[in-house]
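Me: I'm new to this one and would like to learn how to read it. Could you walk me through it?

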Amino acid sequence: EPSAESRMKQLSERYDQYCDAHIRLGCMYKHQGEFDKAQRAFEKAVQSASLLKGSFDKAKAVAQGFIVRIYSEKRDFAKQQTKLEEAAARSGDAYSQMELAAFYIDCLQIMDGKRKAKMLDAIGGRLQKVLKDNPSNAYAVNGVGCYFAESGSMADARDCFAAIAAHPLAGAGAKINLAHAHLELGVKAKLNYVT
(Lines give C-alpha, C1' and ligand atoms only; values in the text may rest on other atoms or scores of the structure.)
Protein backbone atom coordinates (compact mmCIF):
# COMPACT_ATOMS: atom_id res chain seq x y z
CA GLU A 1 0.00 0.00 0.00
CA PRO A 2 1.41 3.44 -0.95
CA SER A 3 2.49 5.77 1.84
CA ALA A 4 0.85 9.13 2.52
CA GLU A 5 3.97 10.81 1.19
CA SER A 6 3.93 8.91 -2.11
CA ARG A 7 0.21 9.62 -2.56
CA MET A 8 0.72 13.30 -1.87
CA LYS A 9 3.62 13.37 -4.37
CA GLN A 10 1.40 11.79 -7.01
CA LEU A 11 -1.37 14.25 -6.26
CA SER A 12 0.95 17.26 -6.41
CA GLU A 13 2.45 16.06 -9.71
CA ARG A 14 -0.90 15.26 -11.30
CA TYR A 15 -2.56 18.49 -10.14
CA ASP A 16 0.36 20.88 -10.27
CA GLN A 17 -1.61 23.87 -8.99
CA TYR A 18 -3.22 22.06 -6.04
CA CYS A 19 -1.76 24.23 -3.24
CA ASP A 20 -2.92 22.03 -0.38
CA ALA A 21 -1.04 19.01 -1.76
CA HIS A 22 2.20 21.01 -1.90
CA ILE A 23 1.64 22.31 1.64
CA ARG A 24 0.94 18.84 3.03
CA LEU A 25 3.96 17.40 1.25
CA GLY A 26 6.08 20.24 2.63
CA CYS A 27 4.84 19.49 6.15
CA MET A 28 5.78 15.83 5.74
CA TYR A 29 9.28 16.78 4.62
CA LYS A 30 9.59 19.31 7.45
CA HIS A 31 8.70 16.67 10.05
CA GLN A 32 11.30 14.36 8.51
CA GLY A 33 13.92 17.12 8.87
CA GLU A 34 14.26 17.48 5.08
CA PHE A 35 14.14 21.26 5.14
CA ASP A 36 15.31 21.89 1.57
CA LYS A 37 12.63 19.59 0.14
CA ALA A 38 10.05 21.15 2.46
CA GLN A 39 11.02 24.64 1.36
CA ARG A 40 10.69 23.71 -2.32
CA ALA A 41 7.23 22.23 -1.69
CA PHE A 42 6.08 25.34 0.19
CA GLU A 43 7.50 27.61 -2.52
CA LYS A 44 5.58 25.58 -5.10
CA ALA A 45 2.41 26.13 -3.05
CA VAL A 46 3.05 29.89 -2.99
CA GLN A 47 3.63 29.88 -6.73
CA SER A 48 0.42 27.92 -7.37
CA ALA A 49 -1.63 30.13 -5.07
CA SER A 50 -0.25 33.25 -6.78
CA LEU A 51 -1.42 31.96 -10.16
CA LEU A 52 -4.89 31.07 -8.88
CA LYS A 53 -5.45 34.22 -6.77
CA GLY A 54 -8.61 35.08 -4.88
CA SER A 55 -9.69 32.31 -2.55
CA PHE A 56 -6.16 30.89 -2.50
CA ASP A 57 -4.70 33.87 -0.61
CA LYS A 58 -5.04 31.95 2.67
CA ALA A 59 -3.15 28.96 1.25
CA LYS A 60 -0.43 31.34 0.07
CA ALA A 61 -0.18 32.91 3.55
CA VAL A 62 0.02 29.46 5.17
CA ALA A 63 2.77 28.33 2.80
CA GLN A 64 4.71 31.55 3.37
CA GLY A 65 4.40 31.03 7.13
CA PHE A 66 5.92 27.57 6.75
CA ILE A 67 8.78 29.01 4.69
CA VAL A 68 9.50 31.43 7.54
CA ARG A 69 9.65 28.48 9.96
CA ILE A 70 11.98 26.60 7.60
CA TYR A 71 14.38 29.57 7.65
CA SER A 72 14.21 29.48 11.43
CA GLU A 73 14.96 25.73 11.48
CA LYS A 74 17.90 26.33 9.13
CA ARG A 75 18.99 29.22 11.37
CA ASP A 76 18.95 31.59 8.39
CA PHE A 77 17.69 34.53 10.40
CA ALA A 78 18.37 37.17 7.73
CA LYS A 79 16.02 35.45 5.27
CA GLN A 80 13.54 34.80 8.07
CA GLN A 81 13.49 38.50 8.95
CA THR A 82 13.09 39.50 5.29
CA LYS A 83 10.12 37.16 4.81
CA LEU A 84 8.49 38.33 8.05
CA GLU A 85 8.88 41.99 7.09
CA GLU A 86 7.48 41.31 3.61
CA ALA A 87 4.45 39.53 5.06
CA ALA A 88 3.80 42.28 7.63
CA ALA A 89 4.09 45.02 4.98
CA ARG A 90 1.95 43.15 2.47
CA SER A 91 -0.95 42.01 4.61
CA GLY A 92 -0.87 44.16 7.73
CA ASP A 93 -2.90 41.49 9.54
CA ALA A 94 -2.51 40.89 13.27
CA TYR A 95 -0.78 37.52 12.85
CA SER A 96 1.95 38.93 10.59
CA GLN A 97 2.48 41.91 12.88
CA MET A 98 2.69 39.70 15.97
CA GLU A 99 5.05 37.23 14.33
CA LEU A 100 7.41 40.04 13.30
CA ALA A 101 7.22 41.67 16.75
CA ALA A 102 8.06 38.31 18.38
CA PHE A 103 11.04 37.90 16.04
CA TYR A 104 12.27 41.40 16.93
CA ILE A 105 11.83 40.70 20.66
CA ASP A 106 13.96 37.56 20.29
CA CYS A 107 16.68 39.64 18.60
CA LEU A 108 16.83 42.34 21.28
CA GLN A 109 19.33 40.40 23.40
CA ILE A 110 22.10 40.81 20.82
CA MET A 111 21.57 44.50 20.06
CA ASP A 112 23.47 47.50 21.36
CA GLY A 113 21.62 50.23 23.28
CA LYS A 114 20.84 52.61 20.40
CA ARG A 115 19.70 49.87 18.03
CA LYS A 116 17.71 48.19 20.81
CA ALA A 117 15.84 51.45 21.54
CA LYS A 118 14.98 51.84 17.85
CA MET A 119 13.79 48.23 17.68
CA LEU A 120 11.67 48.67 20.82
CA ASP A 121 9.94 51.61 19.12
CA ALA A 122 9.19 49.41 16.10
CA ILE A 123 7.88 46.61 18.32
CA GLY A 124 5.71 49.01 20.32
CA GLY A 125 4.19 50.46 17.15
CA ARG A 126 3.29 47.04 15.76
CA LEU A 127 1.76 45.86 19.02
CA GLN A 128 -0.16 49.11 19.44
CA LYS A 129 -1.67 48.67 15.96
CA VAL A 130 -2.75 45.10 16.74
CA LEU A 131 -4.34 46.11 20.04
CA LYS A 132 -6.06 49.10 18.45
CA ASP A 133 -7.68 46.77 15.93
CA ASN A 134 -8.53 44.12 18.57
CA PRO A 135 -8.13 45.16 22.22
CA SER A 136 -8.90 41.62 23.41
CA ASN A 137 -5.98 40.00 21.52
CA ALA A 138 -4.32 38.12 24.39
CA TYR A 139 -1.19 37.38 22.37
CA ALA A 140 -0.73 41.08 21.72
CA VAL A 141 -1.16 41.81 25.45
CA ASN A 142 1.53 39.20 26.16
CA GLY A 143 3.72 40.88 23.53
CA VAL A 144 3.17 44.26 25.18
CA GLY A 145 4.22 42.68 28.46
CA CYS A 146 7.44 41.49 26.83
CA TYR A 147 7.90 44.97 25.36
CA PHE A 148 7.54 46.52 28.83
CA ALA A 149 9.93 43.98 30.33
CA GLU A 150 12.57 44.71 27.70
CA SER A 151 12.01 48.45 28.25
CA GLY A 152 12.65 48.02 31.97
CA SER A 153 9.05 48.67 33.06
CA MET A 154 8.71 45.41 34.95
CA ALA A 155 5.63 46.44 36.99
CA ASP A 156 3.75 47.24 33.75
CA ALA A 157 4.95 43.95 32.27
CA ARG A 158 3.67 42.09 35.34
CA ASP A 159 0.26 43.74 34.97
CA CYS A 160 0.01 42.69 31.31
CA PHE A 161 0.97 39.10 32.06
CA ALA A 162 -1.41 38.93 35.04
CA ALA A 163 -4.29 40.23 32.91
CA ILE A 164 -4.09 37.26 30.55
CA ALA A 165 -2.72 34.49 32.78
CA ALA A 166 -6.13 32.77 32.81
CA HIS A 167 -6.52 32.90 29.01
CA PRO A 168 -7.02 29.35 27.67
CA LEU A 169 -4.46 29.70 24.84
CA ALA A 170 -2.06 32.52 25.69
CA GLY A 171 -2.20 31.90 29.44
CA ALA A 172 0.56 29.28 29.65
CA GLY A 173 3.20 31.59 28.18
CA ALA A 174 1.86 34.53 30.16
CA LYS A 175 2.19 32.58 33.43
CA ILE A 176 5.85 31.88 32.73
CA ASN A 177 6.42 35.54 31.85
CA LEU A 178 4.50 36.56 34.97
CA ALA A 179 6.76 34.39 37.12
CA HIS A 180 9.83 36.04 35.56
CA ALA A 181 8.35 39.49 36.21
CA HIS A 182 7.58 38.64 39.86
CA LEU A 183 11.09 37.27 40.30
CA GLU A 184 12.66 40.37 38.73
CA LEU A 185 10.52 42.70 40.85
CA GLY A 186 11.30 40.69 43.98
CA VAL A 187 15.04 40.82 43.34
CA LYS A 188 14.88 44.58 42.75
CA ALA A 189 12.83 45.05 45.94
CA LYS A 190 15.40 43.12 47.98
CA LEU A 191 18.27 45.10 46.45
CA ASN A 192 16.51 48.38 47.29
CA TYR A 193 15.87 47.18 50.83
CA VAL A 194 19.54 46.27 51.36
CA THR A 195 20.91 49.57 50.05
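Me: Which residues does Ile164 touch, not counting those up to four places away in sequence?

Reply: A contact means heavy atoms within 4.5 Å. By that test, Ile164 touches Ala138, Val141, Asn142, Ala170, Gly171 and Ala174. Some ground rules: this is a predicted model, where local features need pLDDT of at least 70 and side-chain atom pairs count only at pLDDT 80 or more, while totals for chains, interfaces and linings use all residues. Residues are numbered from 1 along each chain as its sequence is written, and side-chain values use heavy atoms, leaving out hydrogens and water.

Me: Which residues touch the most other members of the largest nonpolar core?

Reply: In soluble globular proteins, nonpolar side chains tend to be buried together. A nonpolar core here is a set of buried Ala, Val, Leu, Ile, Met, Phe, Trp, Tyr and Cys residues joined through side-chain atoms within 4.5 Å; buried means under 20% relative accessible area, with a 1.4 Å probe and protein chains only. The largest core has 25 residues, and Tyr104, Leu108, Met119, Ile123, Leu127 and Ile164 touch the most other members. Helix 6 gives the largest share, 7 residues. There's also a second, separate core of 19 residues, including Met8 and Phe66.

Me: How many helices and strands are there?

Reply: Helices (H or I, at least four residues) and strands (E, at least two) are DSSP runs, numbered from the N terminus. This chain has 10 helices and 0 strands. Its radius of gyration, taken over C-alpha atoms, is 20 Å, well over the 16 Å that the globule rule (2.2 Å times the number of residues to the power 0.38) gives for 195 residues, so the chain is more spread out than a compact globule.

How values were computed: Buried < 20%, exposed > 50% of the residue type's maximum accessible area, 1.4 Å probe, protein only.
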